[in-house]
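Here is a short briefing on the structure shown below. It goes topic by topic.

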Amino acid sequence: MNKAALAYIVSAATLLVAVWLGVSIGTVKIPISTFWDSSDTTATNILWKIRMPRVILAGLVGASLAISGAAFQGLLKNPLADPYTLGVSSGASVGAVVTLFFGLSIPILGTYTLPVFSMTGAALTMFLVIGFARLVDRSMKMETIILTGIIFGSFLGSVLSLMIALTGEELRQIIGWLLGSVSMRGWNYILMVLPFVVIGSFILWMNRRELNAMLFGEERAHHLGVNVKRRKFMILIGGSILTGSAVAVSGTIGFVGLVVPHMTRLMWGSDHRHLLTLSFMNGASLLIICDLVARTIISPSELPVGVITAFIGAPVFAYIFYRQRRKGAM
Amino acid sequence: MLQVDNLTGGYGKEPIVKNISFRVNKGEILGILGPNGSGKSTLLKIISGILPKQEGTVKIDGQDAAVYSQKQFAKKVAVLPQLHAHAFSHTVKDTVALGRYPHQTGLFSSWSDVDERAVTEALAYTGITRYKDTAIELLSGGEQQRVFVAQALAQEAPILLLDEPTNHLDIAHQQQLLDTIRNHAVEKGVTVISVFHDVNLASLYCDRLLLMEQGEIAIIGEPQDVIRETMIGKVYNARVKTQPHPELPKPQMTLLPEKSEESEPFIVNKEHFTVSAERVSLQVNQPLKTVSSAVVNAGLGWYRAFVNRHVDENYNCDDVKAEMSAYLKQHGYPLSDTVGMMTAVTTEHAEIGEYEGDFGTILVMVTAGVGNAVDVSQALDRERKIGTINTWVIVNGQLPEEAFIQAMITATEAKTKALQTENIKDPLTGTIATGTSTDSLLVAATQVGEHLPYAGPITPLGKLIGHGVYDCTVRAIRAYKIAKGWT
């Protein structure tokens, strides 16, 4: 069988299993029959009101982080790049933490004040970072982008630290948010984040072949006929939309955006025509599983999912890395 | 077809490339040469649109390149970069397939049969089909560069730009790559413009060369017009000498290294010769620049040992060269360092003379057997027999190539005169002989000491050669006559 087809089948199957585990396991076990048999009202309610939105949100966040991580690593030709490299996530965090710190609540927005503020922070940061990078260097070299991201990221990071230092009783709340969670968000959060996920992913997917060309350097891509400047701009915007919206609804969940693209690459190769979609699916699967562990491991209390991602992801990554390198050596 | 008019541009405000104009025709290969920092790579980058131009135009097929979109441009012009590293792995086929990027359109940009055929052809043409599923970073540098050649070929652009394509490649891979590109240019009529670091490679593979100096054109023309000692020496600020390629009408150059210290005075004299019944030999400590018509190591070269070997009158061998080589080896003469001749004359009758002029001395060695003498003007349809006059002329001085040729003429004339004096006749025609049918001549010079630009009979050197060769040949013929009992 075609390797690419196999990759899609395996990834889709993993995702299905992850979704099924995510909705069925918990303090109350939900049988699979609940999907079509709504006679058990409690189970149906838990499935559709609590578990399903949570699993879908976890999936969307994981997918967004993984696909933008894959795109940024390819664009910046840097295996250490992740969705947070650009500093957009720090902007989203500052937006969220400001809301928590000042206890803000805009009447019309209500409980959505935080994600809306957070997205605003992400959008502002994105324009500032890209604008500044263009100001420094009109051709927006990869190094310029990385350095600009570091400048903005560390500045906003210090703003965060300042607020944490000055914080009193909301400390736990802020730290909890920063570590990331997808619990108790409901369908509205999904509706809020879905358009960004669709648009952002579509923009990145449109640039899959350009990303392949840019792996050989900007000059090479230019020679192959890629309009490097415009494509780079599109990828940065697409990735930022995904990252900003993901952070806004779930906090800064680490590891997924950095490592899922690497795992996918090690298993299925670095052709972006497949890598982007596969990372999207695998990111969703990983975060759904991590969230499942986060809420069941010390049940009835929950851990922030960001703690679990690295906890589970790192050994899995280590195993794949080891296996691949050994295979390469022999 | 590519035309560049008054092109000026570079990285910053101060242009690196100034006012460049040239034109390359379809199927032509133009090489861009120049010292480091002369702007050759910059020129290529401005043409390919990586760097901005400040003034001038680049026209492709008569149309200004600035109006092309990036994709349209890539359909017209493919660029082969220098070897470079890449962060993530790709298979060879995927890499080559990227060359089809400019030909794909639409959101889903379906891969057509034309694309597939172009990739398959490019893989086959560069000989990397068997690697097509290998990850590119597992290939050697030479193979990786071939992958990028294939990528550029798959682009199917009528113009190909190359920036030092053979950098970091060994000579076999350099040749392979440039042969591939040149064949492609010839077969498909692709126009090639390439930056070269290596002047000799550029001369071999290019139809025309453009030599750059400080951002401007120093000269543009065919290799023989560009690769001239004075021009290359001035632009590169290096001491060079040009010479013809041994097989192709393409000039080549070699560097002349700075002579580190004053070379020791080194003079060849009679004591360096050894004469035995088997051979006459000359052995010196430093190599002599030699031109000869010997059996082993004939032609031009530098040698330290010279052997004139006596063989039996009935000596007969299918492969004289191999037999002679074996003989030299057996007697301890290194083959790479020895010129070997043969004669049927007993070498004890060799005449060796040392002649002194104002500039220094010359040595002449002659062995003469005239049993087979011929009048060269009537030498048609003659059976070849042994019977030889072998002449060596060793000059203590520095000779240019033309002086070597003049020395050979002078020595030959002197030999002929000696035959006349000794009244040696061609037994078939009864006329005065001019030599034998298998004569050999060797002229060697120490290349230290006095510069001796000419060796014709009008110069002191020529006079000395004429006198010396005549003198030795006459004496050698007389010795031969006595040995044969002719007198």
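## Interface of chain A and chain B

A:Glu219 and B:Lys45 form a salt bridge, with their closest N and O atoms 4.0 Å apart. A salt bridge here is a side-chain nitrogen of Lys or Arg within 4 Å of a carboxyl oxygen of Asp or Glu. The rule finds 2 salt bridges across the interface of chain A and chain B.

This is a predicted model: local features need pLDDT of at least 70, side-chain atom pairs count only at pLDDT 80 or more, and totals for chains, interfaces and linings use all residues. Residues are numbered from 1 along each chain as its sequence is written, chains are lettered from A and ligands numbered from 1 in the order in which they are written, and side-chain values use heavy atoms, with hydrogens and water left out.

**Extent of the interface**

- Chain A gives 29 residues to the contact and chain B gives 30 residues; contact means heavy atoms within 4.5 Å.
- The two chains bury about 2,500 Å² between them, 60% of it on carbon and sulfur atoms.
- In chain A, the residues that lose the most area to chain B are A:Arg209, A:Phe216 and A:Arg220, together 29% of what that side buries.
- Buried area is the accessible area (1.4 Å probe) that two parts lose on being put together, summed over both.

**Make-up of the chain A side**

- Between chain A and chain B, 9 residue pairs are in polar contact, both residues at pLDDT 80 or more.
- A polar contact is a pair of N or O atoms within 3.5 Å; within protein, one must be able to donate a hydrogen and the other to accept it, and residues adjacent in sequence count only if both atoms are side-chain atoms.
- Elements giving two or more residues to the side of chain A that touches chain B are helices H2 (41–76), H7 (186–206), H8 (208–214), H9 (218–223) and H11 (256–268) of chain A.
- Helices (H or I, at least four residues) and strands (E, at least two) are DSSP runs, numbered from the N terminus.
- H8(A) supplies the largest share of that side, 5 residues.
- The residues on that side divide into 9 nonpolar, 10 polar and 10 charged.
- Ala, Val, Leu, Ile, Met, Phe, Trp, Tyr, Cys and Pro count as nonpolar, Asp, Glu, Lys and Arg as charged, and the others, Gly among them, as polar.

**A:His262**

- A:His262 sits in helix H11 of chain A.
- Its relative accessibility is 15%, so A:His262 counts as buried.
- Buried means under 20% relative accessible area, exposed over 50%, and partly exposed in between (1.4 Å probe, protein chains only).
- Leaving out residues up to four places away in sequence, A:His262 touches A:Gln73, A:Pro79, A:Phe317 and B:Phe88.
- A:His262 and A:Ala66 are 196 residues apart in sequence and 9.6 Å apart in space, C-alpha to C-alpha.

**Salt bridges within the chains**

- Over all chains, the structure holds 26 salt bridges.
- B:Glu351 pairs with B:Arg475 in a salt bridge, the closest N and O atoms being 2.5 Å apart.
- B:Glu351 lies in strand E17 (residues 351–356) and B:Arg475 in helix H12 (residues 460–484) of chain B, so this pair ties together parts that are 124 residues apart in sequence.
- B:Glu351 is buried at 16% relative accessible area, while B:Arg475 is partly exposed at 33%.
- B:Glu422 forms a salt bridge with B:Arg478, the closest N and O atoms being 2.9 Å apart.
- B:Glu422 lies in the loop between helix H11 (401–421) and strand E21 (435–436) of chain B, and B:Arg478 in helix H12 of chain B, so the pair ties together parts that are 56 residues apart in sequence.
- B:Glu422 is buried at 10% relative accessible area, and B:Arg478 is partly exposed at 44%.
- B:Glu422 also forms a salt bridge with B:Lys481, again with closest N and O atoms 2.9 Å apart.
- Both B:Glu422 and B:Lys481 are buried.
- In chain A, a network of salt bridges links A:Arg54, A:Asp291 and A:Glu302.

- E6(B) runs parallel to strand E7 (residues 159–163) of chain B, joined by 4 bridges; two strands pair if DSSP finds at least two bridges between them.
- B:Val79 has B:Leu161 as its bridge partner in E7(B).
- B:Ser292 lies in strand E14 (residues 279–292) of chain B and counts as buried at 7% relative accessibility.
- The side chain of B:Ser292 reaches the backbone nitrogen of B:Ala294 at 3.4 Å.
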